[in-house]
Protein chains: 2
Amino acid sequence: MTGAIPHGAASGGEAGARAALGKNDRAVLDVLRGARSGLGAYDILDALRPAGLKAPLQVYRALNRLMARGLVHKIESLNAYVACARPGDACAAALAICRACGAVSEFTDAEIDRRLNCWCREAAFTPEQVTLEIRGLCTDCAVEA
Amino acid sequence: MTGAIPHGAASGGEAGARAALGKNDRAVLDVLRGARSGLGAYDILDALRPAGLKAPLQVYRALNRLMARGLVHKIESLNAYVACARPGDACAAALAICRACGAVSEFTDAEIDRRLNCWCREAAFTPEQVTLEIRGLCTDCAVEA
DNA sequence: GCGAATGTGTTACACTATAACATCACAGCC
DNA sequence: GGCTGTGATGTTATAGTGTAACACATTCGC
């Protein structure tokens, strides 16, 4: 693996789909993949109530497993979740989030990764997880404003 | 101003201390400056109860004003707050947070700023606020482990 | 069968944040 | 003085986010 900062939590670059996903995991992932913006855990729960889910914990457990595999990202600044757009990418995921329409774009930048690793090395800090989010306005919403 | 992504929210580079801070703002800032790790809003509230504060909203309002001035950062991944270590810095603040002891180190990197602005330009995304957090282990906690 | 490991279901609760409304303090002005 | 505008403050209630604790089910290997 190239970068020292893992994308999800699974360290092996080829990992991420070892064991089969559980029933709830699959359902939560499908809901997230069908959304074009971040969803709150309770939004997901509402979407899955018809499927039989009743409690927040069922959703949170699925989200935690999916995040551990790098299939889902948490948008920390929104307490929301999105399906990963580039599973398997070794770099830390950066998310650009439109504050008007909620659209989320995911990208990675090897140079940013390198600079972060560089700082960590100098500071003797052991990185485990990176959160990089840009909030602002997407193209469409910027012209309207 | 050099970077296109503001550090806090005040756009004028020399701004940040225009009007005087309110009573509660001052008190909250003092509590944060006295802590060496991030504090939750309710931790701050508890610390200020002897000073007469009673409700969460009093703390949240102060925090919002302080963040607007770039004097305080929110640690999104922890729902906690820290005093800014380098007020006036034009770059987006990056926070390295030790998951063991909670210590927070703040740094900036002009190259990262440049790369982020570069991506935004290409994607026609108007950036307003950047969150960059690294979770991991600080030097002291890494040796113990 | 039996134990270990993992996923699942449920209730109750803790933590984080804001809505809505009332009050107070101060500055400028007629 | 009296009026008004603006912004900080105070208070109650409530919304939103996340986890603890416990019980049950399934699967896999011995």
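An open sheet of six strands, in the order β4(A)-β3(A)-β5(A)-β5(B)-β3(B)-β4(B) and with mixed pairing, runs through this predicted model. Strands here are DSSP runs of E with at least two residues, helices are runs of H or I with at least four, and both are numbered from the N terminus, while two strands pair if DSSP finds at least two bridges between them. At the edges of the sheet stand β4 (104-107) of chain A and β4 of chain B, each with a single partner strand, so one side of each is left without a neighbour in the sheet. From one strand to the next the twist averages 20 degrees, where axes are lines fitted to C-alpha atoms, for helices over the stretch in contact, and angles run from 0 to 180 degrees between N-to-C directions.

Because the model is predicted, local features need pLDDT of at least 70 and side-chain atom pairs count only at pLDDT 80 or more, whereas totals for chains, interfaces and linings use all residues. Residues are numbered from 1 along each chain as its sequence is written, and chains are lettered from A and ligands numbered from 1 in the order in which they are written.

Strands of a sheet pair through backbone hydrogen bonds, either parallel or antiparallel. Strand β5 (residues 126-137) of chain A pairs with β5(B) in the antiparallel sense, over eleven bridges. Along this pairing, G136(A) stands opposite P127(B), and E133(A) has T131(B) as its bridge partner.

Helix α4(B) lies across β3 (94-98), β4 and β5 of chain A together with β5 of chain B, and runs at about 140 degrees to β5(B).

Within chain A, the axes of helix α1 (residues 23-34) and helix α3 (residues 56-68) come within 9 Å and cross at roughly 80 degrees. These two helices of chain A, α1(A) and α3(A), are therefore roughly perpendicular to each other, a term for angles of 65 to 115 degrees, with angles under 35 counted as roughly parallel, over 145 as roughly antiparallel and the rest as oblique. By class, their contact has six nonpolar, two polar and two charged residues.

Which residues are the closest to DNA strand C? Among the 19 residues that surround DNA strand C, the closest are G22(A), K23(A), A55(A), G40(B) and N79(B), a residue being near a strand if its C-beta atom, placed from the backbone, lies within 6 Å of it. The largest share of this surface, five residues, comes from α3(A). Around DNA strand D there are 21 residues, of which N79(A), G22(B), K23(B), N24(B) and A55(B) come nearest, and here α3(B) gives the largest share, six residues.

Definitions and conventions: Nonpolar A, V, L, I, M, F, W, Y, C, P; charged D, E, K, R; others polar. Contact = placed C-beta atoms within 7 Å.
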